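Have the sequence and the 3D view open as you read.

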Amino acid sequence: MTIEGKVWKFGDNIDTDVIIPARFLNVSDKKILASSAFADLRPDFSKDVRKGDILVGGSNFGCGSSREHAPLAIKEAGISVIIAKSFARIFYRNSFNIGLPILESKEAVESIEENDQVSADLVTGEIVNKTKGEKFQAKPVPDFMRGVIQAGGLVEYIKKQE
Amino acid sequence: MGMTITEKILAAHSGNDVVRPGDILQADVDMALANDVTAPLAIKVFEEIGKENVFNRDKIALVPDHFVPNKDIPSARQAKMMREFAAKYGIKNYFEVGQMGVEHVILPEKGLVIPGDLVIGADSHTCTYGALGAFSTGVGSTDLGVIMATGRVWLKVPPTIKVIFEGAFNPWVCGKDLILYLLGVMGVEGANYCAIEFMGSAVKKLTIDQRMTMSNMAIECGAKNGVFEADEITLNYVKERSTRKPLVIKPDPDAKYEREIHIDVSKIQPQVAFPHSPDNVRPVSEGKDVKIDQVFIGSCTNGRLEDLRIAAGLMKGKSVAKGVRVIVIPGSQLIYKEAIREGIIDAFLDAGATIGPPTCGPCLGGHMGILAEGERCASTSNRNFIGRMGDPKSEVYLVSPAVAAASAVLGRIGLPEEI
């Protein structure tokens, strides 16, 4: 499955407090959460992001709190995939669990700039920076997690198993 | 080849004789935890799965602590949803306002976690219980919802980093300084996906309260968990609180570690993490020019009785510096009561501090001490990310209870010797 979109680029150690500050955690409605994504860091994000856009981060993306509200807000805002140099552990599993695709590639992140047009194949892990004409290969996803993605998230995976 | 503490606990909970880093396994959960921020999403997931009952009503703990007593109408709705869920499914360990406290303070205090347990919580600081020789880690709400339905969790076995603390403590140096120092050494990503084993003669002397401060902040370098070997101190702590039989797990002599880090405690002075990252640490002596507007003493890191005792001991008979607000939040109802009995609360009040009800309070910018633009807070909590305690242009300096108390009196970051 290939996704293509315009890039929103972020730096290293983007923590979940920055992705969605705690003052917005008093609700669980995904649409409201999405409207608060990156509220302080990039107030234009939730307004200007388009469905299918790609988020690119540096290392340790999603560090800090376990709040699932963070990947939920990003997914609901319209982001189709996050590409980062590395992900913090809890954010990584939360993303798989809620069905938000994520890919790890240091080289791709170093090449990609804000507003670049990028495509990503979620099955093979191939990332193409169309603006620059460069190709990259993301780190392979463990088999178990591939199963979770194929099921459409952890809830569906568990339902199948039961 | 032998196993580390973490590997042994994961093996015992997944029906395996041996597990190795990288193995993915399904483990049985002894205690599943959620709070008023993470439970509502987990409840939705549980309902979506469609099970008639939770896996075990005695093995789930629901603690409203982040935004309670309710700070606004949406928070009140979330707390209500959790309360109604707890009542509907007969959740035994639901702690209402009046019994509640900060989740990671009250679970050990009530004997709900003992050595050898496997605890999963929808809160990143669930790693606190490593202090008791348990495996515990944080997950998101979907994982927690699935656990409430099935009692099981999928886990990847982490490689273990062994950190060995040796040497004598300098004056006023405590568990908080040790973990801040370690964060400076490792960096915020230094233990991502790894387990940490805290070893060495120096940490063997630490009380459970101080060990909990250290395990609590293992997540700040990305670790999955941070575990101590249970010993006499642990067993004494547990036997007053639980009738369950603790399982003391020691690492095998030939256990394989990803790496070993040796820390000479005698080289550590009281530490402060400057904004905006917990690994941005320096000795407190380098922070003396930092004027502060607020001091927060509390949280799942340092809201326990020993923490309050140290801070109150320093503030007794002194006054909070002019222009500084000092907010003290005991971590639990029991700690609050004991602090009153010991005269700790009197010492704080007489010095000009205010006391809040047992809750997370301003730690995560929820309520009871939000910072305005340009304001600085010396805080005993665990994170100082941008905007963590309020305005994105405010600043948080992470310190021990002793340094927080000294700073409250000085009106700037400072050492206990200075007051």
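## Salt bridges between the chains

A salt bridge here is a side-chain nitrogen of Lys or Arg within 4 Å of a carboxyl oxygen of Asp or Glu. By that rule, two salt bridges cross the interface of chain B and chain A. The side chains of A:Arg93 and B:Asp143 form a salt bridge, with 2.7 Å from N to O.

Before going on, a word on how to read the values. This is a predicted model, in which local features need pLDDT of at least 70 and side-chain atom pairs count only at pLDDT 80 or more, while totals for chains, interfaces and linings use all residues. Residues are numbered from 1 along each chain as its sequence is written, chains are lettered from A and ligands numbered from 1 in the order in which they are written, and side-chain values use heavy atoms, with hydrogens and water left out.

## The interface as a whole

The size of an interface is often given as the accessible area lost when the parts come together. Buried area is that loss for two parts, found with a 1.4 Å probe and summed over both. For chain B and chain A the buried area is about 3600 Å², with 57% of it on carbon and sulfur atoms. On the chain B side, B:Leu41, B:Trp154 and B:Tyr193 lose the most area to chain A, together 18% of what that side buries.

Counted by contact (heavy atoms within 4.5 Å), 45 residues of chain B meet 40 residues of chain A. Helices (H or I, at least four residues) and strands (E, at least two) are DSSP runs, numbered from the N terminus. Leaving aside neighbours within four places in sequence, A:Ile158 is in contact with B:Val146 and B:Thr150. A:Ile158 has a relative accessible area of 6% and is therefore buried; buried means under 20%, exposed over 50%, and partly exposed in between (1.4 Å probe, protein chains only).

## Aromatic rings and charges

Rings of Phe, Tyr and Trp (its six-membered ring) pair if their centres lie within 6.5 Å; planes under 30 degrees apart count as stacked, over 60 as edge-to-face and the rest as tilted. The count over all chains is 18 aromatic pairs. In one of them, A:Phe61 and A:Phe87 have ring centres 6.1 Å apart and planes at 75 degrees, so the pair is edge-to-face. This pair joins distant parts of the chain, 26 residues apart: A:Phe61 is in the loop between β2 (54-57) and α4 (69-77) of chain A, and A:Phe87 in the loop between β3 (81-84) and α5 (89-98) of chain A. A:Phe61 is buried at 0% relative accessible area, and A:Phe87 is buried at 0% relative accessibility. In chain B, B:Phe85 and B:Tyr89 make a tilted pair, 4.7 Å centre to centre with 45 degrees between the planes. Both B:Phe85 and B:Tyr89 are buried.

Ring pairs also link A:Phe61, A:Phe87, A:Phe91, A:Tyr92, A:Phe96 and B:Tyr193 into a cluster. Charges join in too, where a charge sits over a ring if NZ of Lys or CZ of Arg is within 6 Å of the ring centre and within 35 degrees of the ring normal. The charged end of B:Lys156 sits over the ring of B:Tyr193, 5.9 Å from its centre. A:Arg93 lies over the face of B:Trp154, 4.0 Å from the ring centre.

## Cysteines

How many disulfides are there over all chains? With a disulfide taken as a pair of cysteine sulfur atoms within 2.5 Å, the search finds zero. For B:Cys360, the closest cysteine sulfur is in B:Cys300 at 6.6 Å, too far for a bond. B:Cys363 is in no disulfide either, with the nearest cysteine sulfur, that of B:Cys300, 6.1 Å away. B:Cys360 is buried at 9% relative accessible area, and B:Cys363 is buried at 5%.

## Covered helices in chain B

Helix α14 (residues 401-410) of chain B is largely enclosed by the rest of the structure, because nine of its 10 residues are buried. The buried residues of α14(B) pack against β14 (294-297), α10 (299-302), α11 (305-315), β15 (325-328) and β17 (376-379) of chain B. Just after α14(B), B:Gly411 takes a positive phi of about 80 degrees.

Helix α1 (residues 5-12) of chain B is mostly covered, with six of its eight residues buried.
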